[in-house]
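Let's work through a few exercises together, with the solutions laid out step by step. Keep the viewer open as you go.

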Amino acid sequence: MTAFIHLDYNVVHPGVARAERAYSVGKSLMKRLQGEGGLATLLLTVAGLSLLASIYEIIETSPEGQLLAAWVVFWIAGTALILGTRKYVGRMVQAWKRADQDARMWELAQSDSRVMADLRCARSRAE
């Protein structure tokens, strides 16, 4: 009697596959950091981490370390809240400006037939 054994071997070493994935992730990260915003984000992250490290060192050496830690957590949460609402308020201001511009354009279109014709033409193109 003859028996055949079929073994499935990996044709790619797992370490090589991990290294290739890490290289592609690093390459895409570097592409994203090439821009102005990416470098600013990287700089802000490094500054924040160095600030946290120095705060940790101060808390460890201070006799009132727990009080200082609570103060730092409070201010970090407050800063995060302010930064989070800043985006929301910015969007609301942009919407308000856009609505004001639309209202002024409509008021102008009510008195000028050329502007009204342009608005009608733009609306018909959009449909």
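The exercises below go from the whole chain to single side chains.

This is a predicted model, in which local features need pLDDT of at least 70 and side-chain atom pairs count only at pLDDT 80 or more, while totals for chains, interfaces and linings use all residues. Residues are numbered from 1 along each chain as its sequence is written, and side-chain values use heavy atoms, with hydrogens and water left out.

**Exercise 1.** Describe the fold of the chain and compare its radius of gyration with that of a compact globule.

Step 1: Helices (H or I, at least four residues) and strands (E, at least two) are DSSP runs, numbered from the N terminus. The chain has four helices and zero strands, in the order α-α-α-α from the N terminus.

Step 2: The radius of gyration is taken over C-alpha atoms, and the globule rule is 2.2 Å times the number of residues to the power 0.38. For 127 residues a compact globule would come near 14 Å, but this chain has 30 Å.

**Exercise 2.** Classify the ring pair of Phe74 and Trp75: is it stacked, tilted or edge-to-face?

Step 1: A pair of aromatic rings is described by the distance of the centres and the angle of the planes. Rings of Phe, Tyr and Trp (its six-membered ring) pair if their centres lie within 6.5 Å; planes under 30 degrees apart count as stacked, over 60 as edge-to-face and the rest as tilted.

Step 2: The count by this rule is two aromatic pairs. For Phe74 and Trp75 the centres are 5.6 Å apart and the planes stand at 80 degrees, so the pair is edge-to-face.

Step 3: Ring pairs join Trp71, Phe74 and Trp75 into a cluster. Phe74 is exposed at 56% relative accessible area, and Trp75 is partly exposed at 45%.

Methods:
Buried < 20%, exposed > 50% of the residue type's maximum accessible area, 1.4 Å probe, protein only.
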